[in-house]
Protein chains: 2
Amino acid sequence: MSAPRYLALCGGVGGAKLALGLSRALAPEALTIAVNNGDDFEHFGLSICPDLDTVTYALAGVDHPVQGWGRDRESWNAFSQLERLGGPAWFRLGDKDIGLHLARRVLLDEGFTLSETSARIARAFGIGHEIAPMTDGRVRTQLDTADGLMPFQHYFVRERCAPSVRGIQYAGAAQSQPSPALRRALDDPRLAGVILCPSNPYLSIDPILALPGVRDALRRLNAPVIAVAPIIGGAAIKGPTAQIMRDLGIPPSAAAVARHYGDLLDGYVTDAADAPAVAEALPELRLLACDIVMRTAEDKMRLARRCLDFISRLGARQ
Amino acid sequence: MSAPRYLALCGGVGGAKLALGLSRALAPEALTIAVNNGDDFEHFGLSICPDLDTVTYALAGVDHPVQGWGRDRESWNAFSQLERLGGPAWFRLGDKDIGLHLARRVLLDEGFTLSETSARIARAFGIGHEIAPMTDGRVRTQLDTADGLMPFQHYFVRERCAPSVRGIQYAGAAQSQPSPALRRALDDPRLAGVILCPSNPYLSIDPILALPGVRDALRRLNAPVIAVAPIIGGAAIKGPTAQIMRDLGIPPSAAAVARHYGDLLDGYVTDAADAPAVAEALPELRLLACDIVMRTAEDKMRLARRCLDFISRLGARQ
C-alpha cells in the first residue's frame, strides 16, 4: 500500500502553526497545504498574499516570532521612506518582505500562475512540502459592515476590526477553480485525511470551501475530515474570530464552530474544557480533547501528531 | 521689471550636478528643471524614473556621493531577499529608494500625473525648486544596437553598454506633449535663459528636444540658450556619451556636441583645453571657457553662477 497523503486547509497565523507542525511530522510528498488567498489584494502595485506568506515564512523558519505576520529580524527602511513621503502606511511591509513581493511581482508579470509562483518561492526558501494557494483565480473576501462593504484587509488592518460585521461574501469564488495542487490532493486515492487548521472559519476556511466542488469533494471523501477548534473557552486564540461571530449573532464557542462546519466533519479537536459543550451540541461528532494551544515548536509538532493519530483512528472505523 | 526665470534641461548625473548648482544660485521660483524621462521603465510593477530621481535626490542632498544613482547611506535588505529568491538583480534598488518607488506607485495609481507625483515627492523632500519630467506622456528611448533594439536601461545597466549602437529613437515622443511645467517655462515672458546641462546629448537632452514644439520654442526664444559640454578632451565626464558617439561614427569631442546642438545654441560652456577646437569648428558660437568638472558643492555652485553670468552677457547682446 502506498504512503498516505494529507491535505491541510489553512489561513494565516493559527493555521500556519499547525501547518508547520504537520510539515515536521510528515514527509514532503505526504502533505499538501492549501492556503486561503481570499485576503489577497493589490497594494503599491504588488500582489499581497498575507496567508500564503505567513505559511511560507513559518515553514521556512523565518517568520516573526510574535506579531503573526512578516519576517523575523526585519528592517523598515523602505517603509520609513514611504511614510516620510506621505505614502499610505496602514499596511506595513518590511524590507525583506518587500523583497519577496518584488520577486512575486516579476514572476506573475512573466506569466507564472500564483500556484507556480508560490511553489518557486517556497522551493527557494528550502521548503519541501507543497504550499499552494486555494485558487489561481481571483477570490476576494468582502465584509458587509455597518460602514459598508470592505475588503478583508481594510477591515482587519486599516479599520482594526472596528466596524460591526453583518455578512461575508467570497466575491469571485463561484467563478474560480481550486488550484491544481488542491484539486490533485482532493482527487488523490491515497488521501488519508483532511485537516481544517485552527484558522478563522469564516475568513480563512470558508473561502476555500466556497470554491466549486471543494465542499462536495470533502463530503464524498473516503478519508476523515477533521477540524481543530480556533476557539478556547469563548475566545479566539488569535485574530478576530470571536468578534466576528458575535457580530454575526453566533455565540463564539468551539461548539459553534463545529456546528458551522456541520456534516463536513468526521472529527473535531478541541480543548478539554470545551469538549462537554461540543459533545452536548453535536453528540454524533467524534472528539479529541487535548491541549490545542501552540506556543512552541514542540507544541505544534505534538498537536500535528495527535491530529494524524486521530485521523488514523477515525479512518479505521470508516 | 520682474525677476528673470531660467529653465534647465537635464538628464541624470552630470545634469543633476549643474541643476543642484543652479538651485543654490537661484531662488525657488526662478528655476524650472525639466528632466529627461525617456529612460523610464516599468520594473517590479514600479515606475522607474532614473533621471528624475537622481535630480531629486541631488537637490534633496540625499544622493549617493559616488555611484551616480540612488541614495546615500542606503541598505539592501529587500534586494538581497529578491536575489535569494532568484529574482532579476540587474537593476538594483536600495531599501530607501524602494520606499520612494512605492510612494510614486500609490500616487500614480491614485490618478496623479507624473508631473504632480514628482512635484509632491520633491516637496516632501523639502525641495523648493520646480523639478518636472519633460513629459507626462510615454516616451521610451530605444537603442538600435548590433544585438537588436533595446530600451535604454537594458543597454546601459543590464548590458553595461556592450552592444554597439547604430541609432537611437525616442518612441512616443511625437505623440507626447511637453509637461505643463516645461511648457509654462518656455512660454514665460520672464524667461531669461535656458541651460542644456552637461548630460548625454543623445540620451538625455535629445529626448526633450524631440517633444513637439520644444525645439521650435528654443529657436524662437528671445533669451539665450546655452549648453555645458559633457565632454572634456574626448572623454565623457561620466556615462556612455563618448562611447555612443564613437559607435555612431562621431568623434567624441566638445566640438562635436556643439555641432550636434547646432543653431539651437547661443553660447557654449567648455573646458579651456577644448575651446580652440570648438572655436575653429563653430566660429560664430559664443564660448565660455572654464573649469567644467564638478566635484564639490562649490564647483557646482561656481559653474552655475558662471553659466548665469554668461547668459546675462549673451542676453545683453541679443
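B:Gly233 lies in the loop between strand S11 (231-232) and strand S12 (235-236) of chain B. Strands here are DSSP runs (E, at least two residues), as are helices (H or I, at least four), numbered from the N terminus. B:Gly233 is exposed, with a relative accessible area of 60%. The cut-offs are under 20% for buried, over 50% for exposed and in between for partly exposed (1.4 Å probe, protein chains only). B:Leu191 stands 42 residues from B:Gly233 along the chain, and their C-alpha atoms are 32 Å apart.

The model is predicted: local features need pLDDT of at least 70, side-chain atom pairs count only at pLDDT 80 or more, and totals for chains, interfaces and linings use all residues. Residues are numbered from 1 along each chain as its sequence is written, chains are lettered from A and ligands numbered from 1 in the order in which they are written, and side-chain values use heavy atoms, without hydrogens and water.

Two helices of chain A pack together. The axes of H1 (residues 13-25) and H2 (residues 50-60) of chain A come within 9 Å and cross at roughly 40°. H1(A) is therefore oblique to H2(A). Angles under 35 degrees count as roughly parallel, over 145 as roughly antiparallel, 65 to 115 as roughly perpendicular and the rest as oblique. Axes are lines fitted to C-alpha atoms, for helices over the stretch in contact, and angles run from 0 to 180 degrees between N-to-C directions.

From H1(A), A:Val13, A:Ala16, A:Ala19, A:Leu20, A:Ser23 and A:Arg24 meet A:Thr54, A:Val55, A:Ala58 and A:Leu59 of H2(A). Contact means heavy atoms within 4.5 Å. By class, the contact of H1(A) with H2(A) has seven nonpolar, two polar and one charged residues. Ala, Val, Leu, Ile, Met, Phe, Trp, Tyr, Cys and Pro count as nonpolar, Asp, Glu, Lys and Arg as charged, and the others, Gly among them, as polar.

In chain B, H1 (residues 13-25) and H2 (residues 50-60) pack at an angle of about 40°, with their axes 9 Å apart. H1(B) is thus oblique to H2(B).

The two chains were then superposed. A rotation of 180° with 0.0 Å of shift along its axis places chain A on chain B (RMSD 0.0 Å). This is the relation of a two-fold axis. The C-alpha of A:Gly45 is the nearest to the axis in chain A, 2.7 Å from it. Both copies use the same surface: 100% of the contact residues of chain A recur in chain B. Superposition is by least squares on the C-alpha atoms of residues with pLDDT of at least 70 in both copies.
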